[in-house]
Amino acid sequence: MDLMKVMISEDDFRVAELHAQFLRVVDGVEVVGKALNAEETLEMLEEHQPDLLLLDVYMPDQLGVDLLHDIRSIAPHTDVIMITAAKEKEIVEKALKYGVFDYIIKPITMERFQETIENYQERKKRMSQIETFDQEAVDQLIKSSNEAAATTISVPKGIDPLTLEKVERMLSDAGGDGLTAEQASSQMGASKTTARRYLEYLISIGKGKAEMNYGKVGRPQRKYYRG
C-alpha cells in the first residue's frame, strides 16, 4: 500500500516537530515536508502534492486560512486539517466553508490527533474502493467525515462546540487529578461560572463526572474528571 503523504505548515519548528512525531506512530504515513511560513507552504505544496496538509492559521507572512483558495488551485487533490490556536468565529467559518477535513484547537492531545488522522485514512480508503457512488455510499461517506462535528453541533445555547472540545481535552489531560471549576476557568481564560457550565454539561452528556474533594482544611471542592 502506498504511504499517505503528509505536509506540515507551522511557523514554530518545535510544534512542527511535535506533529511529525505524532504522525510517526500512525501506520502508513510519510511526512514529506515542513513549511515555516505561507510562502514556503505554497512552494512545497506545488512540489510535493501531498495527500494531506496540516495547516496553522497564524504565520508570519499570511494567515493560513487566507491560503485555502490558493491551496485549492495549486494542489487540488490535497486535503487540509487546520491545527491552530485560532478560535475567532470568522476564521473557523472560512475554514469550514473551504471544506477542511477537521479543525483542531491547540494544544492538542496525541489521542485527538491520532483519531482525526485515522478517520481521514478511513475516508481515503473508502473513496479508493468505490468506483461509482450510489446514495447510500455518499451518505456513509459524509456521515463518517462529519461524525465528530455532528456530535458537537447540537449543543444548547451558551455552549460553544469548539470551547466544549477544549474543556473535554482539559479533563483528559488532567487525568486522575481532575480539575476544579477554578482551575478550568484559569486554563480557559474564562469566568468560573462559564467553566462550571461547560463542566456540568459534559457530565450531562456522559463525558464527565464529578466528586466532592474533602481536603484537610477549608470547604470541600467539587472536582471534575473525564467520564
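The structure is a predicted model. Its loop between strand E3 (52-55) and helix H3 (68-74) holds Asp56, and Val65 is found in that loop between E3 and H3 as well.

**Asp56**

- An unreviewed UniProt entry places the feature "modified residue: 4-aspartylphosphate" at Asp56, a residue that lies between strand E3 and helix H3.
- With a relative accessible area of 3%, Asp56 is buried, because the cut-off for that class is under 20%.
- When neighbours within four places in sequence are left aside, the residues in contact with Asp56 are Ser9, Glu10, Asp11, Gly64, Met82, Ile83, Thr84 and Lys106.

**Val65**

- Val65 has a relative accessibility of 2% and therefore counts as buried.
- If residues up to four places away in sequence are not counted, Val65 touches Met82, Ile91, Lys94 and Ala95; Met82 is also one of the residues in contact with Asp56.
- Between Val65 and Val92 there are 8.6 Å in space, taken from C-alpha to C-alpha, although the two are 27 residues apart in sequence.

**Helices H1 and H5**

- On the H1 side the contact is made by His19, Phe22 and Leu23, and on the H5 side by Met110, Phe113 and Ile117.
- Sorted by class, the residues in this contact of H1 with H5 are five nonpolar and one polar, with no charged residues.

**Helices H9 and H10**

- H9 contributes Ala181, Glu182, Ala184, Ser185 and Met188 to the contact, whereas H10 contributes Lys192, Thr194, Ala195, Arg196, Tyr198 and Leu199.
- By class, the contact of H9 with H10 has six nonpolar residues, two polar residues and three charged residues.

Technical notes:
Residues are numbered from 1 along each chain as its sequence is written. This is a predicted model: local features need pLDDT of at least 70, side-chain atom pairs count only at pLDDT 80 or more; totals for chains, interfaces and linings use all residues. Side-chain values use heavy atoms; hydrogens and water are left out. UniProt positions are given in the numbering used here, feature names are shortened, and annotations may be inferred rather than shown by experiment. Helices (H or I, at least four residues) and strands (E, at least two) are DSSP runs, numbered from the N terminus. Buried means under 20% relative accessible area, exposed over 50%, partly exposed in between (1.4 Å probe, protein chains only). Contact means heavy atoms within 4.5 Å. Ala, Val, Leu, Ile, Met, Phe, Trp, Tyr, Cys and Pro count as nonpolar, Asp, Glu, Lys and Arg as charged, and the others, Gly among them, as polar.
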